[in-house]
Amino acid sequence: MRKLLFTLCCISSLHAIYTGNPASPALLNKGLFGAQSYLITVATGYIYDNVWNARIYRKNDPEASSIEKLEDCAIYSNWASLSFIFLRRLELYGYFGVSKESIDWTAKIPRTDTELKTRNHFSYSLGGKAIMLQFGGTVLSLDFQYFIMPTSNKFLQKVVNIYMPLELSSQNLDTKEWQLALGLATKLGPLCPYIGGKYSQLKINIKSEDLPTLLLQNKWPWGLFLGGSLSLSHSFYVNGEVRFFDEDAYSIAITTAF
C-alpha cells in the first residue's frame, strides 16, 4: 500500500508549475557587474514553489484498482533557474531542482485514510516567454512551459502494486503535462504587478502487463495567477506569485542577471 501511495504522490508533482512575471524578459537591463546588454542577457536565480492543493482525479476506474478517493495533494519544490533573454522580449528558461509531496488517500481494502510524505526527487521544467504587445510600461506576454519528472530505474522499481492485493511486476508510467499562459503586467516604478490566466493538460497512464491501464488527469484545465516583482536594481529582482482554481499554490523567486 505504501508503494501505491508513493506512486500517487510522484504523479501529483507533475501538476505544479511556477508561471512568473509576464514582463520578466524586460525587467533586467544590466548584468551583475553593471554591463548593460540589450541583445542577450543571461539570468539565474532560485524558486520556491508550494502547492498545498493540486487537484487530480481518476479518468477511468478499473475494478482492480485499490484507489477509493484522492484527497488534497501537496507539493514542495526548490529549483535553480537559468534564462537566456533576447532583445528584452523573448526569454528561454529552465528550472532544475527537487520536489517532495504528500497526499491524502483513501483505500478500498482496507478502507482507511492515510497521509504519506515522500523524499525529494529530481524534477525540471523547460519553457519560453515572449512579449507580444507593449504599451509604455504595460506588456502582454505569452508563456509556454513543459514540466518533466524523468523516468529512472530507481523510480520504476518503487512503482509496484498499484492494484491491490495482487503483487505485480514493476509498472510503466507515461506522464505528459504542458501549460500555456497569457499574462498582463505593468511597471510602476520598482514594482511590477501582474495577472493572467493559464490552460494546462496533465495526463498519466499507469500501465501493467496483466491489468487495465489506470488514467489520471487534472480536474480543471483553467487557472488564474497573479503576483508582483520588486526590482532592487537593474540586475536583481524578487517575485511573489499565487495561483488559484486548478491548484492552490504560491511561489517566491529571486532573479539576477550577468
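Two strands are counted as paired if DSSP finds at least two bridges between them, and helices (H or I, at least four residues) and strands (E, at least two) are DSSP runs, numbered from the N terminus. What we are looking at is a predicted model, in which local features need pLDDT of at least 70 and side-chain atom pairs count only at pLDDT 80 or more, while totals for chains, interfaces and linings use all residues. Residues are numbered from 1 along each chain as its sequence is written, and side-chain values use heavy atoms, with hydrogens and water left out.

Let me begin with strand 12. A hairpin joins strand 11 to strand 12 through two residues, and these two strands pair in the antiparallel sense over nine bridges, with serine 229 standing opposite asparagine 239. On to strand 13, residues 247–257, the pairing with strand 12 is again antiparallel, over eight bridges, and here arginine 243 has alanine 249 as its bridge partner. Two residues also lie between strand 12 and strand 13 in their hairpin, where phenylalanine 245 in the turn has a positive phi of about 75 degrees.

On a 1 Å grid over the protein atoms alone, a cavity is a set of points where a 1.4 Å probe fits but cannot get out, and lining residues have an atom within 4 Å of a point; grid points are joined across faces, edges and corners, and a volume is the space filled by probe spheres set on the points. The structure holds two cavities of 30 Å³ or more.

The largest cavity contains about 180 Å³ of space, and of the 18 residues that line this cavity, Tyr18, Glu91, Tyr95, Tyr237 and Thr255 lie nearest its centre. Strand 1 (40–54), strand 3 (67–86), strand 4 (90–107) and strand 13 are the elements that give two or more residues to that lining.

The second largest cavity has a volume of about 40 Å³, and its lining includes Thr19, Lys129, Asp143 and Phe225. Strand 7 (138–148) and strand 8 (172–186) each supply at least two of the lining residues, and strand 8 gives the most, with three.

Conventions
1 Å grid on protein atoms, 1.4 Å probe; cavity = no way out; pocket = protein on both sides within 12 Å on 5 of 7 lines; lining within 4 Å.
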